[in-house]
Amino acid sequence: MARQLAAKAIRRLLLVSIHVLGAVAFAGAGAGRRSAVRPSEITQQVPAVFVFGDSTMDVGNNNYLSGKNVPRANKPYYGVDYPTSRPTGRFSNGYNVADFIAKALGFNESPPAYLSLAPARSNSLVVAAVSRGVSYVSAGAGILDSTVRYFESTMAHVEARHGSRATNKFLSRSLFLFGIGSNDLFAYAEGQSGINDVATLYASLISNYSAAITDLYKDGARKFAIINVGPLGCVPVVRLLSGTGGCDDDLNQLAIGLDDAIKPMLTGLTSRLHGLVYSLGNFYNQAMDNFAHPKAFGKSFILQHIVIWYPPLSADTHPRYPWYQINIPSITS
């Protein structure tokens, strides 16, 4: 089924729907004892967070990229539940995965987008980097699309201001957050990756993932938080196009295969890179548990309907918002 998706339209819808999946999972994860805790009440656990990933964690980098086909979340009604109720570049109605993790670490939200600070405003870039961190996330990015060079450019500015010793100490205590891989798997499923067999795909992705972490380690990074790939076959647009409203098992198995390869990669890195530590977040299991037991996560239902904002409809479609609602069966049905 996935190979027959119409690439351009589907890619835009996937960027929306995969974030719906991620927001449901992580909102559910925070529905328990952490829900009443404000960031100001949590001791800041790291000096900064540096984020690498795709649309589930983008906070606006894509708004600064040129090109008519660049996916952007800069239009109504993204951000309706964000404190300002305006689009921020997040592919979400409010806070996203990076925001929730940053909040749990004692920050107010995700660090700012790199392209909102650089290159003309290098002073702002340095201040943000040393006080909160920087997000290098880009919606549509994959493991093969490395953004580590942007981080290295940032650190060149920081080191010029604060010196190499202080910069290295700072980086060794900071957190490096990764959430990426979904777009690589979708590209493969749609026949757009140029790779013909899944074993070669996994080998290529793991090699590049390992290289990115190793490069960051060489730059001074020591603490990593990795979020694996969620159940891609259950994102709303895939279920919508399935004809039955059910999940696509082939896509889910594709995600499981990459997730199974990420764990030994990290184990191998810790055995040869002295001082490297990591936490591996199981997005896949978290999402599936959320879907199977919504009440346990404070939800009365999961994905009873989808709201898609592309293409935009006329304002009279909805009394308040020009949304297009598509009803599909609950994922628990």
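Asn183 is buried, with a relative accessible area of 11%, where buried means under 20%, exposed means over 50% and partly exposed covers what is in between (1.4 Å probe, protein chains only). Asn183 sits in helix H6. Along the chain, Asn183 and Ser55 are 128 residues apart, yet their C-alpha atoms are 9.3 Å apart in space.

A quick word on provenance: this is a predicted model, in which local features need pLDDT of at least 70 and side-chain atom pairs count only at pLDDT 80 or more, while totals for chains, interfaces and linings use all residues. Residues are numbered from 1 along each chain as its sequence is written, and side-chain values use heavy atoms, with hydrogens and water left out.

**The chain overall**

The protein chain has 10 helices and seven strands; these are DSSP runs (helices are H or I with at least four residues, strands are E with at least two), numbered from the N terminus. Of the 333 residues in the protein chain, 51% are buried. Contact here means heavy atoms within 4.5 Å. Among contacts with a separation of 6 or more, 73% are between residues 24 or more positions apart.

**Two helix pairs**

Two packed helices are described by the angle between their axes and the distance between the axes. The axes are lines fitted to C-alpha atoms, for helices over the stretch in contact, and the angles run from 0 to 180 degrees between N-to-C directions.

| Helix pair | Angle | Axis distance |
|---|---|---|
| H4 (residues 148–162) and H5 (residues 164–173) | about 130° | 7 Å |
| H6 and H9 | about 130° | 10 Å |

Take H6 and H9, which pack at about 130° with their axes 10 Å apart. That angle makes H6 oblique to H9; angles under 35 degrees count as roughly parallel, over 145 as roughly antiparallel, 65 to 115 as roughly perpendicular and the rest as oblique. H6 passes H9 in a right-handed crossing, meaning that the near helix is turned clockwise from the far one by less than a right angle, with anticlockwise being left-handed. Leu185, Phe186, Tyr188 and Ala189 of H6 make the contact with Leu251, Leu254, Ala255 and Leu258 of H9. By class, that contact has eight nonpolar, no polar and no charged residues. For the classes, Ala, Val, Leu, Ile, Met, Phe, Trp, Tyr, Cys and Pro count as nonpolar, Asp, Glu, Lys and Arg as charged, and the others, Gly among them, as polar.

Over at H4 and H5, the helices pack at about 130° with their axes 7 Å apart, which makes H4 oblique to H5. The crossing of H4 past H5 is right-handed. On the H4 side, Phe151, Met155, Val158, Glu159 and His162 meet Ser164, Ala166, Thr167 and Leu171 in H5. The H4 contact with H5 has five nonpolar, three polar and one charged residues.

**Helix H7**

H7 (residues 198–219) has 22 residues and spans 32 Å from its first C-alpha to its last, close to the 32 Å expected at 1.5 Å a residue; the expected span is 1.5 Å times one less than the number of residues. Its buried residues include Leu201, Tyr202, Leu205, Ile206 and Tyr209. After H7 comes Gly220, with a positive phi near 125°.

Ser135 belongs to strand S2 (residues 133–135) and is buried, with a relative accessible area of 0%. Leaving aside neighbours within four places in sequence, the contacts of Ser135 include Val51, Met57, Val59, Asn61 and Tyr114.

The loop between S1 and helix H2 (97–104) holds Tyr77, and the peptide bond from Pro76 to Tyr77 is cis, with omega near 10°. Ser85 is in the loop between S1 and H2; Ser85 has a positive phi of about 60° although it is not a glycine, and is partly exposed at 45% relative accessible area. Tyr95 also lies in the loop between S1 and H2 and counts as partly exposed at 22% relative accessibility.

Asn282 is in the loop between strand S5 (277–281) and helix H10 (283–292), and counts as partly exposed at 36% relative accessibility. Asn282 and Ile227 are 55 residues apart along the chain, with 6.3 Å between their C-alpha atoms.
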